[in-house]
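Colleague: I'd like to learn how to read a fold from its model. Could you walk me through it?

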Amino acid sequence: MTAKALIIAGYGLNCEEESAYAFDYVGLNATVMHINDLIESPKALNDYQALCIPGGFSYGDDTGSGNAFAQKMRLTLMDELKEFVARDTLTIGICNGCQIGTNLGLAPAIDAQYGVRQVAVTHNASARYQCRWIDMKVEDNSSPWLQNIDSLHVPVAHGEGRFMMDEATLKTLKENKQIVLRYSKNAQQANGVFPFNPNGSTDDIAGMTDESGRVLIMMPHPERGMFTWQRDDYALLKDNANREGQPLPEASDGLQIFQNAATYFGVNGLKKAG
């Protein structure tokens, strides 16, 4: 028996297939479900151990990225979502899913205030959509999603990825070690330098968790950086491997996040999706 992952789809979310592939690849059983079907049968959440809100442009970002989708979920599923995160489950929101998770109050949920928005994810400081590969430093944390990971090289693709909050909230997040991902430059914190910090995010924040560490929200896309052939530097890595007579690993940084989810649920071995 294996763990089951639910990936939500609908209304402009467009990364559900890649996200489902990621969970299937590491051995979980992934199901893509339209949000309306989940609203119709909210107790279906009880059948799953992992929940993913994937990337996309829900509702065209017309009322702010992730806001309308979050409101839809808040009005129809909030009680069930609170029950889900209270169980021994894992939840991840990626890009638009990060914006939705923030607006929905699934993270950072300081003092277990799930459902209360405590930080904002707003327009990039450049006022432009940013699509590029970036580096992240994984901070000291207890999140099951990020164990045994020191850094990540994965892409971003967003127009509203700038984490903002008041000083008191930032202080609390630091003290609680809930800031788990920061944009970096040459293995050091980016200190706001563009394009290493692609959006001007406060304190170079790229991702954070709730206090349990089991809910992770992040703007970069690990599902788009799971394999070496996806990387922006693939040609260089391949050439170097050929010169050194070494095989080029298939797995790249983003895969480890999903592998950690499988490990958390005791799922061993890769079940490559067809």
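**Reading the fold, the core and a buried loop residue**

Modeller: Happy to. Keep in mind that this is a predicted model.

Colleague: Where is the place of Asn124?

Modeller: In the loop that runs between β5 (120-122) and β6 (130-138).

Colleague: And is Asn124 buried or exposed?

Modeller: Buried means under 20% relative accessible area. Asn124 has 3%, so it counts as buried. Leaving out residues up to four places away in sequence, Asn124 touches Tyr129, Gln130, His158, Gly159, Glu160, Gly161, Arg162 and Asn199.

Colleague: Now the nonpolar side. How many residues does the largest nonpolar core have?

Modeller: The general idea is that nonpolar side chains tend to be buried together in soluble globular proteins. Here the largest core has 78 residues, and Phe23, Met73 and Phe163 have the most contacts inside it. Helix α3 (residues 67-86) gives the most to this core, eight residues. As for Phe23, its contacts beyond four places in sequence include Ile7, Leu28, Trp145 and Phe258.

Colleague: What about the chain as a whole?

Modeller: The chain has seven helices and 12 strands. A compact globule of 274 residues would have a radius of gyration near 19 Å, and the chain has 18 Å, so the two agree. Along its principal axes, the C-alpha trace spans about 55 × 45 × 35 Å.

Colleague: What percentage of the 274 residues is buried?

Modeller: Buried residues make up 53%. For contacts with a separation of 6 or more, 77% come from residues 24 or more positions apart.

Terms used. Residues are numbered from 1 along each chain as its sequence is written. This is a predicted model: local features need pLDDT of at least 70, side-chain atom pairs count only at pLDDT 80 or more; totals for chains, interfaces and linings use all residues. Side-chain values use heavy atoms; hydrogens and water are left out. A nonpolar core is a set of buried Ala, Val, Leu, Ile, Met, Phe, Trp, Tyr and Cys residues joined through side-chain atoms within 4.5 Å. Buried means under 20% relative accessible area, exposed over 50%, partly exposed in between (1.4 Å probe, protein chains only). Helices (H or I, at least four residues) and strands (E, at least two) are DSSP runs, numbered from the N terminus. Contact means heavy atoms within 4.5 Å. The radius of gyration is taken over C-alpha atoms; the globule rule is 2.2 Å times the number of residues to the power 0.38.
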